[in-house]
Amino acid sequence: MKVTDLRWTHVSVPLQAPLLSADGVSPATVRRTLLEVETDAGLVGIGEIGPRVSSDRLNAARGTLVGEDPYALERLRSKLHGSRFYQMETAILLAGIEMACLDVQGKAAGRPVSDLLGGRLRGSLPAIAYVYRRAATERAAAVSTTEHVVGHVAELVERYGFETIKLKGGAATPEDDVEMAGAVRARFPCHRLRLDPNGAWTVATSLRVARQLRDCDLEWLEDPTMGLDGMAEVTRRSPIATATNMCLVDFHELSSAVIRRAVDVMLLDVYFLGGLRGAREMAAACGAFGIDVGIHSGGAGGAELGVAMTAMLHLASTLPALRCAIDAMYHHLEDDVIRGGLLTYRGGELTVPDGPGLGVELDPERLDRYADAYERERRERTRREPDPSRPGWYPTYPAW
Ligand code: MG
């Protein structure tokens, strides 16, 4: 089998509300790029990447891919990576192309992608309530105070059945984040609870927060501070386990992380690690050094749509060492580009599709609608403030 073409479609899909983090306020939409790998066997594989891969890079990838065998993933990894030193854009592109090639392979074999990765150990995965403070929209009030956040968590738990809650910190002061975590813990004494300020704190602030939240029974404190050395210091002195998707994101950082005992949990990002197979390789390496693993969401720039989300589910279903709920920004989406629309949560879990390949298909009508939305946004795009409510403000790290 040979690849005959690579096509891509940029889309812009609405979020329920703009999300607040240490970086400021997110756009009201998520921008993604859907890939279609065509083959001479008549099979088309689909993949998904974030907005950080340029059209130049996609054009170059098409030149590399056409004429290649969609089973030759190792050769493709080398050819697409080339001799350049590490670049995140390349890793994201690799992940999307691997996703589409695995979809082709699965369709050819009549087997789901999870079977190509070693076979699934579970048919569904518990996912998190991924809780952000949110900006007001025409339809919904802002989620900004602790009281708002607790109410918002209650709605999510009620609606989806989540048993793990991740609070996005760093958008307000550490004192506000401590109050927020304490109030959510008081309201949900039996849920697993994480706090992630995205590296917005110094080591000293991180340790102060960790001491204040000692009795909050956090599952982990996620990226309280930036860098392996800082994280190692927090991990050594904090009473709470630490997790990262920011200071250990590639293989060349692993030995330093291990030597420093920098983190307790590594959140595998299929994009940072160049695809599903790279994520499995990292999971195995982490296991050898006693680092737990989870699944990260949002690495390629915002919420994953149904193509990437199902790819993450296939991966997660095959990991024997996965002991925690997977990250998924998915419930923030208003719609999807796959047939049937949004995937359904059942009892806080997302189901791994059974069909061949990824088990989902693009919906041409939705794809067109959100491609039009992308074009409209592109034409209208003006300079974006990181936080429109604070003109002139820009993020600094560490903020506190
Ligand atoms: Mg994180």
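**A magnesium site, its salt bridges and a cavity**

Glu222 is buried, at 0% relative accessibility. Buried here means under 20% relative accessible area, exposed means over 50%, and partly exposed lies in between, with a 1.4 Å probe and protein chains only.

A word on the source. This is a predicted model, where local features need pLDDT of at least 70, side-chain atom pairs count only at pLDDT 80 or more, and totals for chains, interfaces and linings use all residues. Residues are numbered from 1 along each chain as its sequence is written, and side-chain values use heavy atoms, with hydrogens and water left out.

Now the metal. Which residues coordinate the magnesium ion? Asp196 (OD), Glu222 (OE) and Asn245 (OD1) do, at 2.0 to 2.3 Å. Donors are N, O and S atoms within 2.8 Å of the metal (3.2 Å for Na, K and Ca); water is not among the atoms, so sites may look incomplete. Along the chain, the donor spacing reads D-x25-E-x22-N. Asp196 sits in strand 10 (residues 192–196) and Glu222 in strand 11 (residues 220–222), so this pair ties together parts 26 residues apart in sequence. Strands are DSSP runs of E, at least two residues; helices are runs of H or I, at least four; both are numbered from the N terminus. Asp196 is buried too, with a relative accessible area of 0%.

On to salt bridges. A salt bridge is a side-chain nitrogen of Lys or Arg within 4 Å of a carboxyl oxygen of Asp or Glu. The whole structure has 36 of them. One network links Lys166, Lys168, Arg192, Arg194, Asp196, Glu219, Glu222 and Asp327. Within it, Asp327 and Lys166 meet at 2.5 Å, N to O. Asp327 lies in the loop between helix 11 (306–317) and strand 15 (345–346), and Lys166 in strand 9 (residues 164–168), so they tie together parts 161 residues apart in sequence. Both are buried.

Compare Asp115 and Arg111. Their closest N and O atoms are 2.8 Å apart. Asp115 is partly exposed at 28%, and Arg111 is partly exposed at 46%.

Last, the cavity. What lines the largest cavity? Leu73, Leu76, Arg77, Leu80, Leu94, Ile97, Glu98, Gly274 and Arg277. Helix 2 gives the most, with 4 residues. A cavity is a set of points on a 1 Å grid over the protein atoms alone, where a 1.4 Å probe fits but cannot get out; lining residues have an atom within 4 Å of a point.

Definitions and conventions. On a 1 Å grid over the protein atoms alone, a cavity is a set of points where a 1.4 Å probe fits but cannot get out, and a pocket is an open set with protein on both sides within 12 Å along at least five of seven lines; lining residues have an atom within 4 Å of a point.
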